[in-house]
Amino acid sequence: MTNTDRLPLAAGLAARLPELEALYRELHRHPELAFQEHRTAAVVAAHLRAQGWETTERVGGTGVVGVLRSGDGPVVLLRADMDGLPVREATGLPYASTDTGVDEDGDEVPVMHACGHDMHVTCLLGAAGRLAANRDAWRGTVVAVFQPAEENGEGAAAMAADGFLDRFPRPEVCLGQHVGPLPVGVAVTRPGPVMSASDSFRVRLFGRGGHGSSPEHAVDPVVLAAAVVLRLQTVVSREVGAAQTAVVTVGSIHAGTRQNIIPDEAELKVNVRTTDIRVRERVLAAIERIVRAEAAASGAPKEPEITPLTALPLTVNDATATERTVAGLRSALGDEAVVPLPRPLTGSEDFGNLGTAFGVPSVFWHFGGTDPAAFGESGIASLMSGELPAGIAFNHSPHYAPVPGPTIDRGVRALLGAAAQWIGR
Ligand SMILES: [Zn+2]
Ligand SMILES: [Zn+2]
């Protein structure tokens with residue numbers, strides 16, 4: 001079990017847990033979509049100010065930055081993301097969200113903290129409170145980053161681009177965490193790539209419309225699109241080595257209105273996941289090559305248009321900083337609670353954009369928010385093999401919600417344990 005003597009930064013945490021749980025339920029009840037986290041940001045800023053942090057709002061849109069100093073020493077950045085998702089909550093919890101928001105198309109949609117970002121905000125505010133209360137236990141500067149818009153991959157870059165380094169101390173390391181379907185108390189990470197890159201595009205393929213009875217007078221973009229979709233399936237099977245991984249999915253295809261009209265164009269939406277920078281470049285280049293070559297093969301009257309939709313970077317943990325962080329997580333959660341990941345997770349994150357923008361190492365880990373009893377005999381082995389036991393909800397599911405009680409305690413400790421490796425006395 002955890003031992004406060006090994007983590008002086010956490011002193012007094014137990015007494016604050018009831019109010020942190022209440023804060024979590026309140027955040028969970030009122031999720032907000034990407035770049036619309038006005039209420040959440042106000043709650044965050046009020047807590048930080050009350051704790052004595054220098055607090056700046058509206059950084060990169062709705063982001064909030066807190067700075068707290070305790071003499072000279074290293075600068076550590078701790079990050080939590082704040083946004084919810086357009087999901088209708090189905091957890092049945094007494095504090096379930098019934099809120100709605102307006103998405104980027106202007107449509108009213110249900111909103112839910114289906115990715116656990118409310119837990120991230122709660123844990124970072126809990127850690128911020130301990131850092132303010134236990135200033136004699138550390139030395140240096142902590143920069144607490146409450147980031148908007150992780151789900152669309154834009155928030156971290158928006159904050160970094162908003163004069164971040166001119167306004168706030170440059171960190172020596174960026175640390176971040178994500179709650180997930182692991183047993184409470186467990187944390188997992190690895191040096192090197194820890195989460196996949198995700199790249200999405202819209203592809204417009206141009207033909208020449210005409211009558212369905214006279215295809216010889218037309219260039220059929222439906223046939224062209226079909227050829228592109230099939231040929232894209234060869235990227236992973238023929239161009240990515242057996243020891244590497246990549247996913248290429250065409251998730252959307254649209255063309256035409258009627259059976260006897262050959263349309264002018266077809267549109268595809270493509271999503272790519274990769275876990276290696278060189279594989280990513282190769283896959284993206286292959287997609288562009290195939291799209292252009294198939295258009296030429298069809299005699300398309302115009303070059304295809306390839307427009308990026310979202311780009312989430314590969315999340316790469318610096319090896320040296322990860323070793324240090326893992327030692328901190330072990331001291332915070334217990335030696336056996338920190339498990340090395342055998343391979344990167346297939347999910348994606350924009351956290352890496354912070355460290356990349358600042359030119360500093362970063363470390364990201366996942367921590368459990370699910371009742372250990374739900375895993376039965378299998379423990380976390382099931383997650384490592386990619387098979388979750390039935391009944392355990394995954395992030396983004398309408399049923400996903402971490403159990404508040406022990407998860408908050410462990411999430412706060414994890415942040416403090418990791419930070420203590422740089423700023424602890
Ligand atoms: Zn998410
Ligand atoms: Zn998330």
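This report describes a predicted model, going from its domains to its zinc site, helices, core and salt bridges.

## Basis of the model

In this predicted model, local features need pLDDT of at least 70 and side-chain atom pairs count only at pLDDT 80 or more, while totals for chains, interfaces and linings use all residues. Residues are numbered from 1 along each chain as its sequence is written, chains are lettered from A and ligands numbered from 1 in the order in which they are written, and side-chain values use heavy atoms, with hydrogens and water left out.

## Domains

The domain assignment divides the chain into domain 1 (3–196 + 314–423) and domain 2 (197–311). Such bounds come from an automatic or database domain assignment. The centres of the two domains, taken over C-alpha atoms, are 37 Å apart. Where the domains meet, 10 residues of domain 1 are in contact with nine residues of domain 2; contact means heavy atoms within 4.5 Å.

## The zinc site

Three residues supply the protein donors of the zinc ion (ligand 2): Cys115 (SG), His117 (NE2) and His178 (NE2), at 2.1 to 2.3 Å from the ion. Donors are N, O and S atoms within 2.8 Å of the metal (3.2 Å for Na, K and Ca), and sites may look incomplete, as water is not among the atoms. Along the chain, the donors of this ion follow the spacing C-x1-H-x60-H. The zinc ion (ligand 1) lies 3.1 Å from the zinc ion (ligand 2), and Cys115 coordinates both.

Cys115 is in the loop between strand S5 (108–110) and helix H3 (117–133), and His178 is in strand S7 (residues 173–183), so the pair ties together parts that are 63 residues apart in sequence. Helices (H or I, at least four residues) and strands (E, at least two) are DSSP runs, numbered from the N terminus. Cys115 counts as buried because its relative accessibility is 7%, and His178 is buried at 5%. Buried means under 20% relative accessible area, exposed means over 50%, and partly exposed is in between (1.4 Å probe, protein chains only).

Helix H3 has 17 residues and reaches 24 Å from its first C-alpha to its last, close to the 24 Å expected at 1.5 Å a residue. The expected span is 1.5 Å times one less than the number of residues. Of the 17 residues of H3, 16 are buried, so the helix is largely enclosed by the rest of the structure.

Helix H11 (residues 404–423) has 20 residues and should span 28 Å; its end C-alpha atoms are 28 Å apart, which agrees. H11 is mostly covered, with 16 of its 20 residues buried.

## The nonpolar core

The largest nonpolar core has 61 residues, and those with the most contacts inside it are Trp53, Leu78, Leu131, Phe146, Leu175, Trp365 and Ile423. A nonpolar core is a set of buried Ala, Val, Leu, Ile, Met, Phe, Trp, Tyr and Cys residues joined through side-chain atoms within 4.5 Å. Leaving aside residues up to four places away in sequence, Trp365 touches several residues, including Leu175, His178, Leu329 and Ala418.

## Salt bridges

Side chains of opposite charge can pair when their charged atoms come close. A salt bridge is a side-chain nitrogen of Lys or Arg within 4 Å of a carboxyl oxygen of Asp or Glu. The whole structure holds 18 salt bridges. One of them joins Asp350 and Arg79 (3.0 Å, N to O). This pair links distant parts of the chain, 271 residues apart: Asp350 is in the loop between strand S17 (338–340) and helix H9 (352–358), and Arg79 is in strand S3 (residues 75–81). Asp350 counts as buried at 0% relative accessibility, and Arg79 counts as buried at 2%.

Glu239 forms a salt bridge with Arg289, with the closest N and O atoms 2.7 Å apart. Glu239 lies in helix H6 (residues 221–239) and Arg289 in helix H7 (residues 277–298), so this pair ties together parts that are 50 residues apart in sequence. Glu239 counts as buried at 17% relative accessibility, whereas Arg289 is partly exposed at 44%. Salt bridges that share partners also join Arg79, Asp81, Glu349 and Asp350 into one network.
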